[in-house]
Amino acid sequence: RPPLLQERHSYLKRGALSLKTRATVAADSLPAYEAEALGGEAALVRGYEEHELGRALSSAGGTLELQVPMSGGTEAQPVALCLFTDVGGGIVRLPESGELGKRVGSCAGFGVRYGPFRIDYAFNRKGQRKVHVNLVPD
């Protein structure tokens, strides 16, 4: 292998593929502020504004993420690049009618990780783009 290809191959070998799922179930009497946000910064599906998909009484979703470290691994806070896709949905109280209805969202994107700092650039299924900046406890 050429040296450049061999170097890139060693980064990919240290990569991690993760699948995370999450589900919630709540009574329809749950106050709206306590219901889980389907879209937004720390929500089930990135790539949407905070309340764009609504707040779900019951929800299910998952994230598939490939994270590849870009540093040698000796640093205290390694830098990593990631590719991800999110999909999720739930039962929300529709603002138009007040009735319960389904909302579903999905996105794909890429991001940078530096310890607990995360910056994600996501494209939702409507073709909109959204940048999310988070501080996530490890």
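User: What should I know about the model before I start reading it?

Analyst: It's predicted, with local features needing pLDDT of at least 70 and side-chain atom pairs counting only at pLDDT 80 or more, while totals for chains, interfaces and linings use all residues. Residues are numbered from 1 along each chain as its sequence is written, and side-chain values use heavy atoms, leaving out hydrogens and water.

User: Which residues does Gly62 touch?

Analyst: A contact means heavy atoms within 4.5 Å. Leaving out residues up to four places away in sequence, Gly62 touches Lys20, Thr21, Thr85, Asp86 and Val87. Arg22 is 40 residues from Gly62 in sequence, yet their C-alpha atoms are 6.2 Å apart. Across the chain, 49% of contacts between residues at least 6 apart in sequence join residues at least 24 apart.

User: How many aromatic pairs are there?

Analyst: Rings of Phe, Tyr and Trp (its six-membered ring) pair if their centres lie within 6.5 Å; planes under 30 degrees apart are stacked, over 60 edge-to-face, and the rest tilted. That rule gives two pairs. Phe110 and Tyr121 have ring centres 5.4 Å apart and planes at 45°, so they're tilted. This pair links distant parts of the chain, with Phe110 in strand S5 (residues 100-114) and Tyr121 in strand S6 (residues 117-124), 11 residues apart. Tyr121 and Phe123 have centres 5.1 Å apart and planes at 85°, so that pair is edge-to-face. Phe110, Tyr121 and Phe123 form one aromatic cluster.

User: Where does the charged end of Arg46 sit?

Analyst: A charge sits over a ring if NZ of Lys or CZ of Arg is within 6 Å of the ring centre and within 35 degrees of the ring normal. Arg46 has its charged end over the ring of Phe84, 3.7 Å from the centre.

User: What volume does the largest pocket have, and which residues are closest to its centre?

Analyst: On a 1 Å grid over the protein atoms alone, a pocket is an open set of points where a 1.4 Å probe fits, with protein on both sides within 12 Å along at least five of seven lines; lining residues have an atom within 4 Å of a point. Points are joined across faces, edges and corners, and volume is the space filled by probe spheres set on them. The largest pocket has about 520 Å³. Of its 21 lining residues, Lys20, Ala43, Arg46, Thr63 and Glu65 are closest to the centre. Strand S1 (16-24), S3 and S6 each supply at least two residues of that lining.

Technical notes:
Helices (H or I, at least four residues) and strands (E, at least two) are DSSP runs, numbered from the N terminus.
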